[in-house]
Amino acid sequence: MKTAVTGVDPRAYVTSFITEDVEACFRSEQMEQPVLEAKGAPSGSRAAPVRVVVAVDGSGSMAGRLGGQTKLDLARRAALAFVDGLPDTVQTSLLVFGQQGSNSEAGKARSCAGVDMLAPMSTDRARLVDGVGKLKAVGWTPLALALERAEALLQASSVAGEQIIYVVSDGEETCGGDPVAVARRINTGKSRAIVNVIGFGLPSGEAAALKAVADAGGGSFVNVANQADYDRTMAQVREANRTARNMASLSNSASRNSLKASAASTRASLCVSDIVASESRRMSDDIADRDKRGMPYPRAGEALRLQQERHRALLQRSQAFSRASLDSAAAARERMEKADAAAR
């Protein structure tokens, strides 16, 4: 680009090297605001779950009846309720303990060693649903061993309660294990998982024994004595799952908003840097070319000063845009947290 040597205002000279649309560098991103599910019932959720293990008692006493249904049928329904409606990213697994041998002394050894995985840890809910259909009431109650097998399916976690073990049983440990010690180790160990226990029609002594397991595992214990108890407990489970879905939506939206803000900030910084470099190079080349041809631009110093002022202003605007983008993401997160508090 060539301009007349004399009579050219330095501002016009600087402007002659502006060929890019600066406004294209500052395109703001629309922040997400997820729609949260409304409150339905009291929630016991403390963290968004990542992995859930359902461990069902397969002892012979689960064939007993409670409120017109077998305990095993209620356990099947409960197992499905635990995972129904969880975010698709949550991995689930199904174990059954005591579903081998028999509930006689002759079959005790085999039953007490029997913890079967009916559905491996996966996001495939179909495998768990299929596994629920294979639950049977057969033998004894190796609860401690079941908790150990459940623990093996979990991973190290820095967030307490994002991994959950649901135990469904109608009785205490009958195979000589120490489920309280195992539950405590799980809750205080690397997985930091919680152990929730639901009992069916337990007498006070056995209820106390299973409550001790839940307490040691940092979870909750419910002794279902009738249909009303069962319905109330399942409503709380559904509410916990609703809360989990909301937490997943909030976390995903916050992450995407953060990425959008970072991308917008980076894009603006690179765009402005390219414009500054291009304008500086082209005007410097033009001034050098004029000097080489013996036709120097007489107001080059003033033009360079004006261009530097322009470029400083662009860089400052880029920095302000980056701060505004990050502030926008932070404000969106604050709105989400308020919406979440209202939904609770």
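Is Lys 134 buried, partly exposed or exposed? Select Lys 134: with a relative accessible area of 44%, Lys 134 is partly exposed (buried means under 20% relative accessible area, exposed over 50%, and partly exposed in between, using a 1.4 Å probe and protein chains only).

Before we move on, some ground rules. This is a predicted model, where local features need pLDDT of at least 70 and side-chain atom pairs count only at pLDDT 80 or more, while totals for chains, interfaces and linings use all residues. Residues are numbered from 1 along each chain as its sequence is written, and side-chain values use heavy atoms, leaving out hydrogens and water.

Next, select Arg 267 and Glu 29. They form a salt bridge, with the closest N and O atoms 3.6 Å apart. Arg 267 sits in helix 8 (residues 227–292) and Glu 29 in the loop between helix 1 (10–15) and strand 1, so this pair ties together parts that are 238 residues apart in sequence. Helices (H or I, at least four residues) and strands (E, at least two) are DSSP runs, numbered from the N terminus.

Now color strand 4 (residues 91–97). Six of its seven residues are buried, so strand 4 is largely enclosed by the rest of the structure. Show strand 1 (residues 51–57) too: strand 1 and strand 4 pair in the parallel sense over seven bridges (two strands pair if DSSP finds at least two bridges between them). To spot one link, click Val 52, whose bridge partner in strand 4 is Thr 92. Then bring up strand 5 (residues 115–122), which runs antiparallel to strand 4, with five bridges joining them.

Hop over to helix 2 (residues 71–83) and helix 4 (residues 125–132). Their axes come within 10 Å and cross at roughly 170°. Where do they meet?

Last stop: His 311, in helix 9 (residues 300–343). At 5% relative accessibility, His 311 counts as buried. Leaving aside residues up to four places away in sequence, His 311 touches Val 276, Glu 279 and Ser 280 (contact means heavy atoms within 4.5 Å).

Note on methods. Axes fitted to C-alpha atoms, helices over the stretch in contact; angles between N-to-C directions. Salt bridge = Lys/Arg side-chain N within 4 Å of Asp/Glu carboxyl O.
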